[in-house]
Amino acid sequence: MTGPATPDRPAADRPAPDRPTADDAAATGRAGGPGVLLCPGMGEGAATWDRLVPPLTAAGYLVRRLDRPDDTRVPTLTAELARVDTAVTGLDRPVLVAHSAAALPAEAYARRHPGRLAGLVLVDPSLVDPGGAARWRRWSAWTAGTVAAGAPVLAGALDRSGLARRYGPGAWRRAVRPMSIRPPDPTAAAAYGCGSVLVGALVQWLAYPAVAAELVALRAVTAAPTLPVRVLTALGDVPTPAGRAAWRAGHAALAASFPAGRQEVLRDARHLLHVDRPETVVEAVAALRRDSGS
């Protein structure tokens, strides 16, 4: 892939889109229970957590999901922090569970407001290359802003021509198939037949280096939070030994950057491990709650 470094995985991997629906979901589960906020990654919607919510609520947690609406606003770290801040309202020191690229705003929020959280579970998180983020920051912000400004025209053209409907669902299926042992959901695939969903995913991808650069800058002026952090590393869909070694080492360094960070390596799990193995994420949340004493 040319352009900015792929944010989520080494080499040929791509964002893991899911159904971007409406606004952020209301909390579900036991009122007054320990909170969990689920943050979807690039191109994902709240439905990516459908298999995780039932075991969390069954365990007594009060769960809220962020969504990724099918609009084309340019994501910035500041905007993402505001969304998280709004979503944690009403949750008593929640655990933030962030998948893939959502690990960036989750880490940023923990750095800004560590006292508001019980900890972080980073599910196969994206890695930040400081040099690449700095190199692509201006290009990223400009291209994402340009596409977002023309989004109504571009999305309309994709819809009127039939290109979105003809090629979008198939592109989604090809992207998600290697990331999960489960077959692609036809309902989720159909959502990518909408021009605004496709353009929104493109804007998110283009904006990633600029968001990463914002996190690099924040790391330079804030201390790593001392709250417990779990980094879940999935290696089952990383295609080469060198790629697996690099992904594992990058996650190890991320975990080590937190005083109470810990990495769990899942050799056979794939990028959508919260879909394939929700029990692993539930166990990580429970362990983190024990470590935080909450």
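**Close-up views of a predicted model**

**View 1. Arg111 in its helix.** At 11% relative accessibility, Arg111 counts as buried (buried is under 20% relative accessible area, exposed over 50%, partly exposed in between; 1.4 Å probe, protein chains only). Arg111 sits in helix H3. Helices (H or I, at least four residues) and strands (E, at least two) are DSSP runs, numbered from the N terminus. Setting aside neighbours within four places in sequence, Arg111 is in contact with Leu218, Arg219, Thr222, Ala223, Ala224 and Pro225 (contact means heavy atoms within 4.5 Å).

This is a predicted model, in which local features need pLDDT of at least 70 and side-chain atom pairs count only at pLDDT 80 or more, while totals for chains, interfaces and linings use all residues. Residues are numbered from 1 along each chain as its sequence is written, and side-chain values use heavy atoms, with hydrogens and water left out.

**View 2. Ser100 in a loop.** The loop between strand E4 (95–99) and helix H3 (103–112) holds Ser100. Is Ser100 buried or exposed? Ser100 counts as buried, at 2% relative accessibility. Leu272 is 172 residues from Ser100 in sequence. In space, the two are 8.9 Å apart, C-alpha to C-alpha.

**View 3. Helix H11 and its end.** H11 covers residues 278–292, 15 residues in total. From first C-alpha to last, H11 reaches 21 Å, close to the 21 Å expected at 1.5 Å a residue (the expected span is 1.5 Å times one less than the number of residues). Buried residues in H11 are Pro278, Thr280, Val281, Val282, Ala284, Val285, Ala287, Leu288 and Arg289. An α-helix has 3.6 residues a turn, so residues three or four places apart point the same way. Gly293 follows H11, with a positive phi near 75 degrees.

**View 4. The whole chain, for context.** The protein has 11 helices and 7 strands. Its radius of gyration is 18 Å, close to the 19 Å that the globule rule gives for 294 residues, so the protein is as compact as a globular protein of that length. The radius is taken over C-alpha atoms; the rule is 2.2 Å times the number of residues to the power 0.38. Along the principal axes, the C-alpha atoms fill a box of roughly 55 × 40 × 35 Å. Of the 294 residues, 54% count as buried. Among contacts between residues at least 6 apart in sequence, 81% join residues at least 24 apart.
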